[in-house]
Amino acid sequence: MKFFVDTAQIDAIAELNELGMVDGVTTNPSLILKSGRDIIEVTREICEMVTGPVSAEVVALDADTMIAEGRKLAEIADNITIKLPLTWDGLKACKILSGEGRMVNVTLCFSANQALLAAKAGATFISPFIGRLDDIHLDGMDLIHDIRTIYDNYGFETNILAASIRSVNHVHECALAGADVMTAPPDVIKKLAFHPLTDKGLDQFTKDWEKTGQKIL
């Protein structure tokens, strides 16, 4: 499963990228605006840093303007993925932009039917929002399983990009369910390395080593 980092914080992306933990980046205007910087400038800087897909989101709601904005965003770099909402106009824009050979990430997916439509419209990625389904007392992971089954049944090449990842358990469950990609905030990705038994074992090892009085350096 590929790891995308869901942030516009350059330092956080750089830290994870140096460890080989960044296969791509997902951004949105809200994330970038929090940095207080120009959207195009930040997006270009991220694209220069990572080699994988970088999702940049349109803000229009009608298909024609989405297409125009998508083409403008695609000029930033070759690894731009145009992020479109899963609306009827978003699907129209997806069909046109994907037909032009551009990568498209259809976002705000909350049902398997929506995911089916996105695949038929040529989406490169479909982004089901796990955490937001959990918020309304539905099991977001059921959606990942359903989309995986449907895509495998019919040979769709659209990648399942699990989004709204809130915890390390979400990451684990997405990997088991067959998500192609997950996108998560930097802190969630870093927490994957933590386990209390690892800390306990390291603490005991340190104590035992110190008793020997030996040194490696």
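Let's start at Leu 61, which sits in the loop between β3 (54-57) and α4 (63-74). This is a predicted model, so please hear every value that follows as computed from it. Is Leu 61 buried or exposed? Exposed: its relative accessible area is 70%, and the cut-off for that class is over 50%. Leave aside the neighbours within four places in sequence, and Leu 61 is in contact with Met 66 and Asp 89. For a sense of distance, take Ala 179. It is 118 residues from Leu 61 along the chain, and the two C-alpha atoms are separated by 28 Å.

Leu 86 is found in the loop between β4 (80-85) and α5. Buried or exposed, this one? Leu 86 counts as buried, because its relative accessibility is 11% and the class takes anything under 20%. Gly 36, by comparison, is 50 residues from Leu 86 in sequence and 28 Å from it in space, C-alpha to C-alpha.

Let me step back to the whole chain. It has eleven helices and eight strands. Its C-alpha atoms fill a box of roughly 70 × 40 × 30 Å, along the principal axes. There are 217 residues, and 44% of them count as buried. Look at contacts with a separation of 6 or more: residues 24 or more positions apart account for 57% of those. The accessible surface comes to about 11800 Å². Carbon and sulfur atoms hold 54% of that surface.

Next, charge. The chain carries 20 positive and 31 negative charges. How far apart are their mean positions? They are 1 Å apart.

On the surface there is also a patch of negative charge. Asp 134, Asp 139, Asp 142, Asp 146 and Glu 173 gather there. Glu 173 comes from helix α9, residues 168-177. Glu 173 counts as partly exposed, since its relative accessibility is 34%.

On to salt bridges. How many does a search of the whole structure find? Eleven. I'll pick out a few.

Lys 190 and Glu 15 meet through their side chains, at 3.2 Å from N to O. This pair links distant parts of the chain, 175 residues apart. Lys 190 is in helix α10, residues 186-191, and Glu 15 is in helix α1, residues 10-18. Lys 190 is partly exposed, with a relative accessible area of 45%. Glu 15 is partly exposed too, at 41%.

Next, Glu 100. It forms a salt bridge with Arg 71, and the closest N and O atoms are 2.4 Å apart. Glu 100 lies in the loop between α5 (88-99) and β5 (103-109), while Arg 71 is in helix α4, so the pair ties together parts that are 29 residues apart in sequence. How accessible are the partners? Glu 100 counts as partly exposed at 34%. Arg 71 is partly exposed at 35%.

Glu 100 has another partner to show you. Arg 102 forms a salt bridge with Glu 100, and there the closest N and O atoms are 2.9 Å apart. Arg 102 is partly exposed, with a relative accessible area of 29%. Elsewhere, salt bridges that share partners join Arg 37, Glu 41 and Glu 45 into one network.

Which residues make it? Leu 202, Phe 205, Trp 209, Ile 216 and Leu 217, over about 670 Å². Zoom in on Ile 216. It is found in the segment after α11 (196-212). Ile 216 counts as exposed because its relative accessibility is 75%, and the class needs over 50%.

Glu 100 bridges to Arg 71, and Arg 102 bridges to Glu 100. And Lys 190 with Glu 15 links parts of the chain 175 residues apart. That's my tour.

Terms used:
Residues numbered from 1 in each chain as written. Predicted model: local features only at pLDDT ≥ 70, side-chain atom pairs only at ≥ 80, totals over all residues. Heavy atoms only, no water. Patch = residues over 30% accessible without salt bridge, like charges linked within 9 Å, V, L, I, M, F, W, Y side chains within 5 Å. Areas by Shrake-Rupley, 256 points an atom, 1.4 Å probe, with all protein chains shown as cover. Salt bridge = Lys/Arg side-chain N within 4 Å of Asp/Glu carboxyl O. Helix = DSSP H or I, 4+ residues; strand = E, 2+ residues; numbered from the N terminus. Buried < 20%, exposed > 50% of the residue type's maximum accessible area, 1.4 Å probe, protein only. Contact = heavy atoms within 4.5 Å. Lys, Arg positive; Asp, Glu negative; His and termini not counted. Charge placed at Lys NZ, Arg CZ, Asp CG, Glu CD.
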